[in-house]
Amino acid sequence: MTYTPFSTFGEDRTARWLITCDHASNHVPSDIAGGDLGLPAEDMARHIAYDVGARGTSMRLGELLDAPVICTNFSRLCIDPNRGLDDPTLVMRLYDGTIIPGNRDVDEGEIARRVATHYRPYHDALEALAAGRQAPIIIALHSFSPQLKGRAPRPWEIGVLHAKPEDRFGHALLSRLSREQDLTVGDNEPYDGDLPGDSIDQHALQPQRLNALIELRNDEIETEAQQNAWAERLATLLQDTLTESGL
């Protein structure tokens with residue numbers, strides 16, 4: 001099968017929603033370190049290589065919302081599409097205590113090549129999808145580890161990341177989530193939503209499109225059944241938010 005840096009699904013779906021999955025895959029393309037970054041399979045199956053469960057949840061959510069979905073087909077360890085081009089973590093050499101051998105000697109020329117062949121095609125396609133929709137609402141779906149090495153356990157099942165200048169939908173979604181009595185909800189947790197140059201900044205904040213970045217703890221979406229259940233729950237939460245907010 002021919003490699004492409006991204007896949008899109010349901011481009012002809014008609015809702016305002018656009019679902020993005022920046023860290024959908026742990027695949028290392030053959031043009032990067034010969035297709036092997038030097039990590040064992042157990043590390044490539046961890047959150048350091050991709051967002052566990054996010055792709056399946058995104059795909060089902062797109063079906064339920066009648067929304068297009070765009071997913072990366074390369075590991076975040078190759079180059080991170082959710083970072084700005086001047087971010088020092090664009091290509092990680094060390095992540096959550098794990099050295100990435102295939103990135104140890106990466107120079108500026110190789111980073112620029114990865115930008116041109118993997119990062120930029122994904123972002124160009126994402127922007128084309130957003131620009132082709134009327135008043136789109138971008139929902140970026142991510143997952144996070146229950147605990148980083150040497151850190152405290154993370155109590156949130158779900159977090160909503162948001163930042164100005166366009167954080168209205170994120171705040172409205174948090175308000176709706178506050179009624180879910182069985183959830184511990186993170187407001188800009190486990191990360192701050194203000195990350196200049198990231199995907200939401202490029203495609204939602206700068207053009208001032210409605211958006212929310214949703215983080216799900218990855219032990220909540222490990223199985224297909226869990227992914228489908230969370231997609232169904234999110235579809236209801238998002239539709240409720242849109243209706244109640246009048247945005």
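This is a predicted model: local features need pLDDT of at least 70, side-chain atom pairs count only at pLDDT 80 or more; totals for chains, interfaces and linings use all residues.
1. Seven strands make an open sheet, and the pairing is mixed. The order is β1-β3-β2-β6-β9-β7-β8. β1 (6-9) and β8 (185-187) are the edge strands, each pairing on one side only. Neighbouring strands are turned against each other by 20 degrees on average, direction ignored.

2. **Strand β6, burial.** How many of the residues of β6 are buried? The count is 8 of the 8, so the rest of the structure largely encloses this strand. Ile137, Ile139, Leu141 and Ser143 point one way from β6. Ile138, Ala140, His142 and Phe144 point the other way. Both sets are buried.

3. **Strand β6, partners.** β6 pairs with β2 in the parallel sense, over 4 bridges. Trp17 stands opposite Ile137 of β6. Ile19 has Ile139 in β6 as its bridge partner. β6 also pairs with β9, again in the parallel sense, over 8 bridges. There, Phe144 has Arg217 of β9 as its bridge partner.

4. **Helix α2, shape and buried side.** α2 covers residues 54-65, which is 12 residues. From first C-alpha to last it reaches 16 Å, close to the 16 Å expected at 1.5 Å a residue. Which residues of α2 are buried? They are Ala54, Thr57, Ser58, Leu61, Gly62 and Leu65. These residues cover an arc of only 135 degrees around the axis, which puts them on the same side of α2.

5. **Helix α2, what it packs on.** The buried residues of α2 pack against β2 (17-21), β3 (69-72), β6 (137-144), β9 (210-217) and α6 (224-245). Taken as a whole helix, α2 packs on the sheet and touches β1, β2, β3, β6 and β9. Its direction makes about 170 degrees with that of β2. Just after α2, Asp66 takes a positive phi of about 55 degrees.

6. **Helix α4.** α4 (residues 168-177) packs on the sheet too. This helix touches β2, β6, β7 (158-161), β8 and β9. The direction of α4 makes about 45 degrees with that of β9.

7. **Thr98.** Where is Thr98 placed? Thr98 is in strand β5, residues 98-99. Its relative accessible area is 7%, and under 20% counts as buried, so Thr98 is buried. Thr98 touches Leu39, Asp43, Arg46, Ile48, Arg93 and Lys149, leaving aside residues up to four places away in sequence. Asp43 is 55 residues from Thr98 along the chain, yet their C-alpha atoms are separated by 8.3 Å. With Arg46 there is also a polar contact, side chain to side chain, at 3.2 Å.

8. **Cis peptide bonds.** Two bonds to proline deserve a look. The bond from Lys164 to Pro165 is cis, with omega near 15 degrees. Pro165 sits in the loop between β7 and α4. The bond from Glu189 to Pro190 is also cis, with omega near 5 degrees. Pro190 sits in the loop between β8 and α5 (199-205). For context, most residues other than glycine have a negative phi, and most peptide bonds are trans.

9. **Positive phi in loops.** Ala33 has a phi near 55 degrees, positive in a residue other than glycine. Ala33 lies in the loop between β2 and α1 (41-44). Asn188 likewise has a positive phi, near 55 degrees. Asn188 lies in the loop between β8 and α5. Are these two residues buried, partly exposed or exposed? Ala33 is at 39% relative accessibility, between the 20% and 50% cut-offs, so it counts as partly exposed. Asn188 is at 18%, under the 20% cut-off, so it counts as buried.

Notes. Residues are numbered from 1 along each chain as its sequence is written. Side-chain values use heavy atoms; hydrogens and water are left out. Helices (H or I, at least four residues) and strands (E, at least two) are DSSP runs, numbered from the N terminus. The expected span of a helix is 1.5 Å times one less than its number of residues. Buried means under 20% relative accessible area, exposed over 50%, partly exposed in between (1.4 Å probe, protein chains only). The arc is that of the directions from the helix axis to the C-beta atoms. Contact means heavy atoms within 4.5 Å. Two strands pair if DSSP finds at least two bridges between them. A polar contact is a pair of N or O atoms within 3.5 Å; within protein, one must be able to donate a hydrogen and the other to accept it, and residues adjacent in sequence count only if both atoms are side-chain atoms. Axes are lines fitted to C-alpha atoms, for helices over the stretch in contact, and angles run from 0 to 180 degrees between N-to-C directions.
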